[in-house]
Amino acid sequence: MRPLIDMRSIQKSFGTNIVLNGVDFEVLPGEVHALMGENGAGKSTLIKVLTGIYDRDGGTIVVNGRDVHYRHPKEAERDGIVVIHQELNIIPTLTVAENIFLGREPKIGRTGVIRYKEMEQQAAAHLRRLGMDLNPRELAGRLSVGKQQMIEIARAISTNAKCLIMDEPTAALTEREIQALFSVIQTLKEQGIAIVYISHRMEEIFTICDRISVLRDGQFIGTKRVKETNVDEIVQMMVGRQIGERFPKRRVTIGEERLRVERLTKIGVFENVSFSVRAGEVLGVAGLMGSGRTEIMEAIFGARPFDEGDIYIDGRPVRIRSPRQAVEHGIAMITEDRKQKGLVLEMSVHENLTLPKLEQLATAGFIQSSKERDVVLSFIHLLNIKTSSPDLAVKALSGGNQQKVVFGKWLAMNPRILILDEPTRGVDVGAKKEIYEIINELAAQGVAIVMVSSELPEVLGMSDRVMVIHEGNVQAVLENDGLDQETIMRAATGGNR
Ligand SMILES: Nc1ncnc2c1ncn2[C@@H]1O[C@H](COP(=O)(O)OP(=O)(O)OP(=O)(O)O)[C@@H](O)[C@H]1O
Ligand SMILES: [Mg+2]
């Protein structure tokens with residue numbers, strides 16, 4: 001079969017940093033092709049080179065048997081290649097139909113007047129064809145991230161896409177939305193549309209993909225058929241070594257209660273939330289997206305107000321009204337949304353790592369700059385952050401490496417209570433394990449850890465106890481002893497109160 005896309009010997013550098021070094025990548029019509037590799041391996045860059053966001057330094061790209069050199073993603077779209085980026089391009093104040101046909105609305109003659117009825121009918125037809133349960137008249141901003149992503153897929157299909165490229169499409173989706181996405185992918189495949197799927201989640205890749213191509217440090221390692229390979233082999237290809245157990249074992253004696261929350265309530269958001277965490281303990285927090293997990297954690301961290309309830313640290317009641325006060329009480333919070341809350345993208349790795357620390361040092365009345373450099377270098381080393389220099393702007397780092405900087409930034413303040421919200425989102429297998437080891441090490445030092453996560457294997461692999469949130473209420477607190485995913489999911493969807 002003639003490949004739809006055939007990239008050969010692709011070469012790309014940023015300054016002296018060689019990011020793609022002779023990469024081959026081929027996509028066949030109607031296949032689901034995973035692109036895998038550790039953080040910073042060059043996956044997103046390869047896609048950007050394909051679609052003309054970046055200019056390549058060398059190599060050839062053949063699409064449909066024709067040599068191409070796109071200068072802009074619009075040119076790639078004309079050939080049927082559409083990318084769905086992790087940051088969705090949805091306009092919240094427009095309807096589903098308006099978003100699907102944005103810039104291509106059917107108009108009455110040349111008047112510029114939009115034929116709403118026709119547009120909504122066409123949108124409905126596309127949605128039906130994809131098996132999507134969406135109302136064309138609904139405002140996009142009212143929909144969940146999963147549904148907004150469906151709009152983007154529908155938009156791509158309505159332009160007659162032949163190849164849909166999804167860069168970490170499930171990172172922000174709930175379990176149910178992921179299932180819906182998989183069935184849409186199946187439908188697309190049956191219609192002969194090729195899909196390039198970038199994800200760090202092994203389970204997903206092995207469920208929906210036909211072939212897997214692996215990059216490591218900008219080199220092309222190989223392409224395997226899913227039927228003829230296994231997780232261990234792919235991990236080995238990605239990291240160039242065996243990594244052993246995914247969830248490192250931990251032996252920690254659990255100590256005194258560090259944090260206790262009683263009857264925390266924000267009317268309409270969460271209600272009567274009570275729990276406690278002890279020194280050395282990891283409390284996993286599970287629940288569907290939108291169940292209020294993040295809001296509860298933000299309230300404890302002083303980042304959003306609450307109506308009622310009490311917070312105790314080391315048995316003493318505390319008043320926390322701002323993140324600054326939370327930090328003064330030894331609480332650190334690593335958020336799921338690193339772009340908005342965790343990092344200053346324009347600033348360097350060094351500056352980001354020292355943000356909270358700087359305040360500490362400044363209140364102490366002095367800044368020791370040579371010491372500070374040592375601290376920064378030790379964190380870059382400890383977390384294995386791939387950056388050509390501590391002075392590189394954080395925005396030039398790959399997604400997973402940005403997340404490691406967020407980690408480093410908060411670890412630098414030596415927290416006693418650590419709240420993690422989706423700590424390994426978008427982080428590769430090797431780096432995930434590094435983060436798990438850091439979590440274990442902190443627990444061993446007596447830090448009390450609260451970890452919100454949508455990845456159930458991670459919740460089960462890392463927690464001592466699991467608190468399940470359903471619609472703003474604590475549905476269950478379960479000992480992690482013979483606990484399984486089904487039990488957590490049942491509670492998360494409102495079962496066994
Ligand atoms: N605009 C840029 N300027 C400088 N360096 C860049 C730029 N874009 C990417 N890089 C570098 O290229 C390398 C590959 O990054 P890329 O984003 O392609 O990785 P990735 O495989 O998509 O990783 P992740 O899984 O973390 O998303 C990284 O080391 C990154 O720092
Ligand atoms: Mg990427």
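Author: Welcome! Domain bounds come from an automatic or database domain assignment. This is a predicted model, where local features need pLDDT of at least 70, side-chain atom pairs count only at pLDDT 80 or more, and totals for chains, interfaces and linings use all residues. Residues are numbered from 1 along each chain as its sequence is written, chains are lettered from A and ligands numbered from 1 in the order in which they are written, and side-chain values use heavy atoms, with hydrogens and water left out.

Reader: How do you know that the largest cavity lies between domain 1 (5–239) and domain 2 (257–492)?

Author: Both domains give residues to the lining of the largest cavity, so it lies between them. A cavity is a set of points on a 1 Å grid over the protein atoms alone where a 1.4 Å probe fits but cannot get out; a pocket is an open set with protein on both sides within 12 Å along at least five of seven lines, and lining residues have an atom within 4 Å of a point. The residues lining the largest cavity include E168, T170 and R201, as well as T424, K432 and E455.

Reader: What makes up the lining of the largest cavity, by residue type?

Author: The lining divides into 2 nonpolar, 5 polar and 5 charged residues. Here Asp, Glu, Lys and Arg count as charged, Ala, Val, Leu, Ile, Met, Phe, Trp, Tyr, Cys and Pro as nonpolar, and the others, Gly among them, as polar. The space in this cavity is about 90 Å³, and a search of the whole structure finds 4 cavities of 30 Å³ or more. A volume is the space filled by probe spheres set on grid points, joined across faces, edges and corners.

Reader: Why is R201 called buried?

Author: Its relative accessibility is 15%, and buried means under 20% (exposed is over 50%, partly exposed in between, with a 1.4 Å probe and protein chains only). R201 therefore counts as buried. Leaving aside neighbours within four places in sequence, R201 is in contact (heavy atoms within 4.5 Å) with T170, A171, I178 and E455. R201 is placed in the loop between strand 8 (194–198) and helix 7 (202–208); helices (H or I, at least four residues) and strands (E, at least two) are DSSP runs, numbered from the N terminus.

Reader: Why is E298 called buried too?

Author: E298 has a relative accessible area of 8%, so it is buried. You will find E298 in helix 9 (residues 293–300). E298 and T335 are 37 residues apart in sequence, with their C-alpha atoms 9.0 Å apart in space.

Reader: Why is S9 called partly exposed?

Author: With a relative accessible area of 41%, S9 falls in the middle class, so S9 is partly exposed. S9 sits in strand 1 (residues 5–14), and its phi is near 50 degrees, a positive value in a residue other than glycine.

Reader: What makes N272 partly exposed?

Author: N272 has 38% relative accessibility and therefore counts as partly exposed. N272 belongs to strand 12 (residues 270–278).

Reader: What can you tell me about the largest pocket?

Author: About 1,100 Å³ of space lies in it. Its lining has 40 residues, and T45, A396, L397, S398 and G399 lie nearest the centre. Domain 1 (5–239) and domain 2 (257–492) each supply at least three lining residues.

Reader: How confident is the predictor, by average pLDDT?

Author: The average pLDDT (the predictor's confidence in each residue, from 0 to 100) is 87, and 94% of the residues score at least 70. Over residues 361–367, though, the pLDDT is below 50, and beyond near neighbours in sequence this stretch has 5 contacts in the model. Where pLDDT is low, predicted coordinates should not be read in detail.
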